[in-house]
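Open your viewer and keep the selection tool ready. The tour goes one stop at a time.

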Amino acid sequence: MSESMPTVLEVLNLAYRYPEGAQPVLDDVSISIGKGCFHALLGPNGAGKSTLLSLITGLRKLQQGRISVAGADIEQQNMRALARMGVVFQQPTLDLDLTVEQNLNYFAALNGLGPKQARQRIADELERFGLAARRKERIRQLNGGHRRRVEIARALLHEPELLLFDEATVGLDVPTRQQIVDHVHQLCVEKNIAVLWATHLVDEVFDHDKVSLLDKGKIVGRGSCSALLAEWQAPGLRQVFSQLAAREYDTTEVEL
Amino acid sequence: MSSGSRYWNLFRGVVIRETLRFIQQRERFLAALVRPLMWLFVFAAGFRAALGVSIIEPYETYISYEVYILPGLVAMVQLFNGMQSSLSMIVDRELGSMRVLMVAPIPRWFILFSKLLAGAVVSVFQVYLFLAIAWLFDINLPVMGYIAVVPALILSGVMLGALGMMLSSAIKQLENFAGIMNFVIFPMFFLSSALYPIWKIGEASPLLALLCKLNPFTYAVEFIRFSLYLKYDQLSVGVVVICSCMFFLFAVQRFQRT
């Protein structure tokens, strides 16, 4: 579906190492995501998912490679690229002392929306996420699932073309996780948004999703879920993951 | 949308957020008032009899110690507010909410500048509340001074906020904050003209007087003091502006991507 769609996120030959680190955290990583595509970035803890996302969001400086978002280069046209993306970080980033509405108003302002435009978009997104009745509640009063929904609503306010999720369901119970994953899949279809969903939880990936398998900073597999299973000769993604974990264990033993 | 209105909307959003946070954090609101009021009504009242302040600029007549100490306490309100802002930046960074600010499609220097100015605006609210209480207790200033002091309050608020921002960019862990704050706030406040005129400190120790003269906080106090009496002290203005720029540029440089 997405291959024929215009590319929204293009990551080309990315390599990165921390100033204090000898080993590269990312090595020759390339990912391409088209409009309306849900792309899962699957990898164990420490694979380099968060580093990749911090490079895409411009929080870290590129060392090698190229990233463009909706045609805007993250280094050369940083502001244009940032204006086209919404991000849901792994750590909660809402202000606990402010209400849902105040948090959303703040974010709308950060993205340059005027009060009138912000009011309308906030009302729309709160409605979409079933949070309209809670708009005057402080974030502190909400449970984890609702907080996450507020963060996703927030990421949509400026109508981005690309949504980035960095382990966005960590700490949530299984039903809430499932609801959020379903909701984001739905967003891809409804709003034609490209999604990069970084996770280590294989049950968050649907059969029709595109997957990039990241391990120790390298893409070790990519394609549709079924192509990946064929390549790894595994009945499910869970088994692919087990193979990766086993490889990690072997390496550790050799190193010891 | 024009880029001017984008910048304005961001600035507006940051100011509203900082103001809301301040109003909703009642303990912070209370502490911001109680601290200088204690100094004014307990410390200054006790010292009134012991300390006489002769006529020095900008005053045209003998003044009570409470009147002398008032500009210093105004600057103290701003100093604590600047440090509080830096603490909230460290907390924001540790909790991750700073990232939301850092991925906004506006240049980073402008985001930090907005935060700085927002903090200064909040400190001006606090100062006026403090001055209003002082006025109720008959510690009066020239009426026009209450208006003339606004630019001084904004600039000194920016300078002390920029100092806090610079410190927050250098402090990596929240646990280190309290120690460093004690190391910054108390020497800055005591080694300044906030509590005593520098000539008086010089009588006791020329070295202490020199340290006071090297302290940027002294110039924030004097800028406020002169402005309250509708006078202009070029040196104070110059030092406050230069220090604001230096602290801010340092903070911006530290907040750049790595």
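Predicted model: local features only at pLDDT ≥ 70, side-chain atom pairs only at ≥ 80, totals over all residues.

Select residues 112-137 of chain B. This span is 96% helix and 0% strand. Its end C-alpha atoms are 38 Å apart. Now select residues 235-252 of chain B. Here the span is 100% helix, and the end C-alpha atoms lie 26 Å apart.

Next, look for charged pairs. Across all chains there are 22 salt bridges.

Select A:K218 and A:D27. Their closest N and O atoms are 3.6 Å apart, in a salt bridge. A:K218 lies in strand 10 of chain A and A:D27 in strand 2, so the pair ties together parts 191 residues apart in sequence. A:K218 is partly exposed at 43% relative accessibility. A:D27 is also partly exposed, at 28%.

Move to A:R66 and A:D73. This salt bridge has its closest N and O atoms 3.4 Å apart. A:R66 is partly exposed, at 38%, whereas A:D73 is buried, at 12%.

Return to chain B for B:R17 and B:D92. They form a salt bridge, with the closest N and O atoms 3.6 Å apart. B:R17 sits in helix 1 and B:D92 in helix 3 of chain B, so the pair links parts 75 residues apart in sequence. Buried or exposed? B:R17 is buried, at 6% relative accessible area, and B:D92 is buried at 7%.

Conventions. Residues numbered from 1 in each chain as written. Chains lettered and ligands numbered in written order. Heavy atoms only, no water. Helix = DSSP H or I, 4+ residues; strand = E, 2+ residues; numbered from the N terminus. Salt bridge = Lys/Arg side-chain N within 4 Å of Asp/Glu carboxyl O. Buried < 20%, exposed > 50% of the residue type's maximum accessible area, 1.4 Å probe, protein only.
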